Amino acid sequence: KQGRELFVRRMPTFFETFPVILIDSDGIVRADVPFRRAESKYSIEQVGVSVTFYGGELDGLSFTDPATVKKYARRAQLG
C-alpha cells in the first residue's frame, strides 16, 4: 500500500516454528507469517504485501497472492 521495501528477518534454523518477520529499513515490523493465525497482528493477508523479483529466473515478476508471498518469504528466510 505504501510502497515500502521489506526485508525478511533471518532466524537460526533452531527457530523454524517461529514466525517469519518482514521489517522495513528502519527495523519496524510491517508484516509477518505467524506460526498460529490467531496471534497475528500484521499478517500478510491483513497488510497486503506483494513480492517483486529483481534478477534471476523470476526477474520482473510480481506476486500479490498471499500464499505465494508467504512461500517466497519463507524461502528468503533460509537464505
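**A friendly tour of a predicted model**

There are two helices and five strands in this protein, and the model is a predicted one.

Q: Which pattern does the protein follow when read along the sequence?
A: Start with the pieces: the protein has two helices and five strands. The pattern is β-β-β-α-β-β-α.

Q: What is the order of the strands in the open sheet?
A: Let's build the sheet from its pairs. E1, residues 7-8, pairs with E2 in the antiparallel sense over two bridges. E2 and E3 also run antiparallel, joined by four bridges. Put together, the three strands have the order E1-E2-E3.

Q: Why is one side of E1 and of E3 left without a neighbour in the sheet?
A: The sheet is open and has the order E1-E2-E3. E1 and E3 stand at its edges, so one side of each has no neighbour there, as each has a single partner strand.

Q: Which residue in E3 is the bridge partner of Ile23?
A: Ile23 belongs to E2, where Phe7 stands opposite this residue. Looking towards E3 instead, we can follow another pair too: Leu22 has Ala31 as its bridge partner. For Ile23, the partner in E3 is Val29.

Q: Which residue in the turn of the E2 and E3 hairpin has a positive phi?
A: E2 covers residues 20-23 and E3 covers 29-33. Five residues lie between these two strands of the hairpin. The one in the turn with a positive phi, about 85°, is Gly27.

Q: Which element supplies the largest share of the largest nonpolar core?
A: This core has 11 residues, including Val20, Ala31, Val51 and Tyr72. E2, E3 and helix H2 (66-77) each supply at least two of the core residues. The largest share is three residues, and they come from H2.

Q: Is Tyr42 buried, partly exposed or exposed?
A: Tyr42 sits in the loop between E3 and helix H1 (44-47). A residue is buried under 20% relative accessible area and exposed over 50%. Tyr42 has 34% relative accessibility, so this residue counts as partly exposed.

Q: How far apart in space are Tyr42 and Val29, C-alpha to C-alpha?
A: Tyr42 is in contact with Val29, and also with Arg30, Ala31, Asp32 and Val47. In sequence, Tyr42 and Val29 are 13 residues apart. In space, their C-alpha atoms are separated by 8.1 Å.

Q: Which element gives the most residues to the lining of the largest pocket?
A: The pocket has a volume of about 820 Å³, and 24 residues line it. E1, strand E4 (51-52) and H2 each give two or more residues to that lining. The element that gives the most, with five residues, is H2.

Q: How many nonpolar residues does the lining of the largest pocket have?
A: Arg4, Glu5, Leu6, Val49 and Ser50 are the lining residues that lie nearest the centre of the pocket. Sorted by class, the lining has five charged and six polar residues. The number of nonpolar ones is 13.

Notes. Residues numbered from 1 in each chain as written. Predicted model: local features only at pLDDT ≥ 70, side-chain atom pairs only at ≥ 80, totals over all residues. Heavy atoms only, no water. Core = buried A, V, L, I, M, F, W, Y, C linked by side-chain atoms within 4.5 Å. Buried < 20%, exposed > 50% of the residue type's maximum accessible area, 1.4 Å probe, protein only. Pairing = 2+ DSSP bridges. 1 Å grid on protein atoms, 1.4 Å probe; cavity = no way out; pocket = protein on both sides within 12 Å on 5 of 7 lines; lining within 4 Å. Points joined across faces, edges and corners; volume = space filled by probe spheres on them. Nonpolar A, V, L, I, M, F, W, Y, C, P; charged D, E, K, R; others polar. Contact = heavy atoms within 4.5 Å. Lists of a residue's contacts leave out its neighbours within four places in sequence.
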